[in-house]
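Please look through the sequence and the structure shown below before reading on.

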Amino acid sequence: MLLMSIYCLALSMLLSSCSADLSVQHVTRQAEEGALAVPYSIVCVIHGDGDYFYHDTAGQESKADYDALAGAEMIALQNPHAEVFIFHQLPRRHFLFFFPLHNGEFYYYRNGRLIANESYRRDQEQSNFGSEAALYHRFRMDKQRKMANLFFYCGHEIPEFNGAGYDASYPDRSFTVQDFASGLKEFTRDSERFDIMILSTCFGGTPYTVGTLGSFARFIIASPENLHLSYFDLRSLKRLDLSMQDGDISAFAKRFAHHAFDRLTCDLQTAVSVAVYDVDSVQEFLQSVHGVYSDTLSALKGEIQTSTAVIEHCDCADLPAYVLPTMNEGVDLFYRPARFGRLKNKQSHSGWECWRNIEP
Amino acid sequence: MTARRVLGSIVMMLVLTLFANAGGKEQLQKYFGDAANKVKATSAASEKREILNASLNTMSKALDIVQALPLLSKNERDGIHRYKSAIQDKQDELAGRNGYVRVADGQLNAFANYIVQDMEQADGTVTIGIVTLLLIIILAVLIL
């Protein structure tokens with residue numbers, strides 16, 4: 001009898017977690033009827049399935065993904081003319097060890113109000129934003145002409161190869177830049193590129209990453225070097241109707257990057273680099289170095305498996321093959337070296353990050 | 001085997017279970033975060049230096065022990081190598097060895113923050129398996 005009761009309880013919890021949230025759909029229909037124009041759109045994907053613990057300078061402990069979530073919710077509330085999609089990717093959890101629980105949390109804001117909040121299950125097989133894109137297309141206001149579409153991702157460095165374990169609770173699953181690009185395709189489908197893609201990750205400014213993701217954005221903001229888990233400050237994304245009033249996307253991207261740089265340099269002793277890549281303008285450089293960078297990646301994929309070689313990131317300007325006249329075209333970089341360490345006297349950076357072998 | 005060693009072994013096993021559930025890398029960062037807080041809480045430069053030295057030395061000893069273990073994967077060995085290099089660099093800079101200018105007394109708080117922040121980059125260098133082992137070893141060094 002007791003076992004039957006437990007079984008029924010578990011079954012009811014499982015079924016309730018699977019059922020569609022009809023109250024959300026009812027609220028959505030009501031909200032559609034009274035919606036104001038939403039010429040701005042922001043998609044925020046916050047990766048939380050990993051180690052995101054950090055300290056601020058006062059010694060307070062924080063979790064980077066939850067801080068990013070709070071920041072995203074703040075800008076959603078303070079954008080009366082935008083629709084904001086927030087996806088918080090969480091670790092895998094189970095009820096009674098067997099029954100999988102939702103491992104994603106979705107928030108949809110429109111005109112500064114929370115319209116929907118749903119738990120969802122992330123992709124179970126390959127990780128490529130399938131579940132997130134489905135929610136995005138279900139809620140977005142298709143017929144609205146957009147002044148600006150923004151995409152924001154924060155998490156650990158997106159690997160260019162060997163992406164196994166990116167999701168800590170799916171150690172056998174791989175997530176790489178290529179998977180990220182496949183996911184972006186689910187969002188954009190046949191429509192235009194995002195106006196700005198913000199990659200709040202380490203080492204987002206490599207020729208391969210910018211080249212691959214450039215199909216989905218006009219401007220990419222990324223940190224070519226390490227980025228502290230306090231991430232890029234999002235406050236510049238408040239009131240897009242005012243800050244983007246003139247429609248100058250390039251100028252806005254640079255203001256965002258500059259503000260993020262100023263905030264990071266206030267608190268951090270480590271190196272800070274924030275770059276804006278004008279995707280169309282960097283194409284000549286990317287095409288020139290595509291072959292040598294691809295060869296490097298192919299060699300590294302092989303070496304990783306077989307040899308004791310140790311690799312590290314470096315400024316592409318340290319490698320002669322990348323020092324070309326077009327290297328700085330289309331790149332606006334805000335950079336400050338670390339206050340300590342071997343590179344504290346490195347006063348400049350090319351804005352592009354590469355790989356090199358070091359002695360084991 | 002002494003009673004102290006038996007107690008230490010039991011504590012290690014309990015801590016291993018706890019840290020495996022809580023996220024080993026968080027505890028590792030907390031280790032350096034706690035050291036930084038102690039540095040900032042004291043005003044004497046000699047004490048600040050001693051706290052930083054002790055925390056880096058303990059970690060360095062732990063890495064030496066872990067590195068000697070057999071059956072580590074290539075990824076784990078690469079992670080240990082990077083970690084050891086990073087720790088050694090910080091020890092050298094603190095002391096003014098190996099081409100570094102010694103960290104000035106007035107910069108010790110900032111240097112403590114630098115150590116913590118350098119560990120908290122969004123790149124995820126050290127694998128969880130190794131982190132758990134390091135924590136065990138740190139405790140072993142402190143307790144036994």
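Two residues are said to be in contact if their C-beta atoms, placed from the backbone, lie within 7 Å. Helices (H or I, at least four residues) and strands (E, at least two) are DSSP runs, numbered from the N terminus. This is a predicted model, in which local features need pLDDT of at least 70 and side-chain atom pairs count only at pLDDT 80 or more, while totals for chains, interfaces and linings use all residues. Residues are numbered from 1 along each chain as its sequence is written, and chains are lettered from A and ligands numbered from 1 in the order in which they are written.

Let us turn to chain A. Chain A contains nine helices and 15 strands. Of its 360 residues, 42% are buried; a residue is buried if 20 or more other C-beta atoms lie within 10 Å of its own, exposed if 12 or fewer, and partly exposed in between, with C-beta atoms placed from the backbone. Among the contacts in chain A with a separation of 6 or more, 71% are between residues 24 or more positions apart. The predictor's confidence in each residue is given by pLDDT, from 0 to 100. Chain A averages a pLDDT of 87, and 87% of the residues score at least 70. Over residues 13–31 of chain A, however, pLDDT stays under 50.

In helix 4 (130–139) of chain A, the residues Ser131(A), Glu132(A), Ala133(A) and Tyr136(A) are buried. The buried residues of this helix pack against strand 1, strand 4 (82–89), strand 7 (104–110), strand 8 (113–120) and helix 5 of chain A.

How far apart are the end C-alpha atoms of helix 5 (residues 177–188) of chain A? They are 16 Å apart, which agrees with the 16 Å that its twelve residues should span at 1.5 Å a residue, the expected span being 1.5 Å times one less than the number of residues. The buried residues of helix 5 of chain A are Val177(A), Asp179(A), Phe180(A), Gly183(A), Leu184(A) and Phe187(A). They cover an arc of only 155° around the axis, so they lie on the same side of helix 5 of chain A; the arc is that of the directions from the helix axis to the C-beta atoms. What covers these buried residues includes strand 1 (40–47), helix 4 and helix 6 (207–213) of chain A. Helix 5 of chain A is followed by Arg189(A), whose phi is positive, near 50°.

Chain B is built from six helices and zero strands. Buried residues make up 35% of its 144 residues.

Where the chains meet, 23 residues of chain B are in contact with 25 residues of chain A. Helix 2 (24–41), helix 4 (74–95) and helix 5 (108–119) of chain B each supply at least two residues of the side of chain B that touches chain A. The largest share of that side, seven residues, comes from helix 5 of chain B.

One residue of chain A illustrates this meeting of chains. Thr57(A) is found in the loop between strand 2 (53–55) and strand 3 (61–63) of chain A. Thr57(A) counts as partly exposed because it has 17 C-beta neighbours inside 10 Å. Leaving aside residues up to four places away in sequence, Thr57(A) touches Asp267(A) and Asn113(B).
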